[in-house]
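Please open the structure in your viewer and keep the sequence panel beside it, with a selection tool ready. The tour goes from stop to stop, saying what to select and what is to be found there.

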Amino acid sequence: MNGAHRLSKVLPPVLLCALLWGSAFPGIKSVYLIWEKEGLHPTASDCWWFAGVRFTLAGLMLLLVARRPWAEFGATSKKALLGFGITQTFGQYLLFYLAISAASGSLAGLLSSLGSFWWMLLGPLVAGVAWPRPAQWLAIAVGGVGVAIAAGAESAGMGKNPWLGTLLLLGSTGLGTLGLVQFAALKKTIGARAATGFSLFGGGLGLLVAGAGSFPKAALLMPSAAMVTTFWLAFVSAAAFSLWNHLSTLHPMPLLAGYRFLIPLMATIESMLFLGERPGWRFAAGGVLILGSLVASQRLSREAATA
């Protein structure tokens, strides 16, 4: 695929995904801030309940606009679809919603780039792609240094517990990467909208069960401002996940992974704009190392593929 085609056919929809997903980071954080202003200190159960409401709504939105979701559901392996839902929605966001309660929106957004590094590590094991070359291993190591610098930027006010947030985000992005790999095995029998709809709906129900202890205070957790934000987040999930999964049916996953740096970039910028976060120079230095190593490693992957 030449550069002009990538710019015209791949970059615009990926940029749209990045803008949508980027808005989710300050959106989730803003709901947590609403709770704190109301005197509520969010527990793990509250975070999971909130995530469950969001993804159940998002799944319903997608299933309503999918063409033949139940016919495709009947033709698809239930075990494979269950695994997809467990990784892409339930497991990923079980960890993510705790992570963003511990870290700032900027840090969580920046570390969403870890998904691309996970692809380089998991791709050879589960998708049969080539192992990283020495130069790519060096890029991964540089990215790791960047993560340590960004997470250690305590003077920048990077959340309540940035190290815990970093560890949770590491697990969350790994599960998300596995979900994308699993979708590759589903796309022969089910479309992106239906598969994503079932994944979000089923994963959302699982998160509601995990947060069942918070049902008695549902009214306190969902004042009007939080409710509006939750509906926006549900739309973001429905639109971005279905578009990204659809793109994975049109383009190779390594190519898409090369553009994932746009997601943390947009998430960090939008967190700064909407939450007023002002990361310091150490965070900026860590971000340059992470995003720079990500771009370099993906360029090396393309060069290896065309060699």
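Begin by selecting Thr 268, which has its place in helix α13, residues 262-275; helices here are DSSP runs of H or I at least four residues long, strands are runs of E of at least two, and both are numbered from the N terminus. Before going further, note that this is a predicted model, in which local features need pLDDT of at least 70 and side-chain atom pairs count only at pLDDT 80 or more, while totals for chains, interfaces and linings use all residues. Residues are numbered from 1 along each chain as its sequence is written, and side-chain values use heavy atoms, with hydrogens and water left out.

Is Thr 268 buried or exposed? Thr 268 counts as buried because its relative accessibility is 11%, and buried means under 20% relative accessible area, exposed means over 50%, and partly exposed lies in between, with a 1.4 Å probe and protein chains only. Now display the residues around Thr 268: leaving aside neighbours within four places in sequence, Thr 268 is in contact (heavy atoms within 4.5 Å) with Ser 106, Gly 109, Leu 110 and Phe 283.

**Stop two: Ala 108**

Select Ala 108 next, in helix α5, which covers residues 105-111. Ala 108 is buried, as its relative accessible area is 0%. Apart from neighbours within four places in sequence, Ala 108 is in contact with Phe 25, Ile 100 and Leu 169.

**Stop three: a salt bridge**

Select Asp 46 and Lys 217 together, and show their side chains, which meet in a salt bridge with an N to O distance of 3.1 Å. The pair links distant parts of the chain, since Asp 46 is in helix α2 (residues 44-65) and Lys 217 is in the loop between α9 (192-210) and α10 (218-221), 171 residues apart. A salt bridge is a side-chain nitrogen of Lys or Arg within 4 Å of a carboxyl oxygen of Asp or Glu, and a search of the whole structure finds 1. Asp 46 is buried, with a relative accessible area of 2%, whereas Lys 217 is partly exposed, at 27%.

**Stop four: the largest cavity**

Rolling a probe the size of a water molecule over the atoms shows where empty space is left. How many cavities of 30 Å³ or more does the structure hold? It holds 2 of them, a cavity being a set of points, on a 1 Å grid over the protein atoms alone, where a 1.4 Å probe fits but cannot get out. The largest cavity has a volume of about 330 Å³, where grid points are joined across faces, edges and corners and a volume is the space filled by probe spheres set on the points.

To find the largest cavity, select Trp 21, Gln 92, Tyr 93, Phe 241 and Arg 260, which lie nearest its centre among the 20 residues of its lining; lining residues have an atom within 4 Å of a point. Then colour α1 (3-37), α4 (78-102), α8 (162-186) and α11 (224-250), each of which supplies at least two residues of this lining. The largest share, 6 residues, comes from α8.

**Stop five: Thr 229**

Stay with helix α11 and select Thr 229, which is found there. Thr 229 is buried, with a relative accessible area of 17%. Leaving aside neighbours within four places in sequence, Thr 229 is in contact with Gly 27, Ser 30 and Val 31.

Move to Trp 131, in the loop between α6 (114-126) and α7 (134-151). Trp 131 is partly exposed, with a relative accessible area of 48%, and, not counting residues up to four places away in sequence, it touches Leu 121, Pro 124, Leu 125, Gln 136 and Trp 137. Between the C-alpha atoms of Trp 131 and Arg 278, the distance is 38 Å.

Finally, select Val 142 in helix α7, which counts as partly exposed at 31% relative accessibility. Val 142 touches Leu 289 and Ser 293, not counting residues up to four places away in sequence.

Conventions: On a 1 Å grid over the protein atoms alone, a cavity is a set of points where a 1.4 Å probe fits but cannot get out, and a pocket is an open set with protein on both sides within 12 Å along at least five of seven lines; lining residues have an atom within 4 Å of a point.
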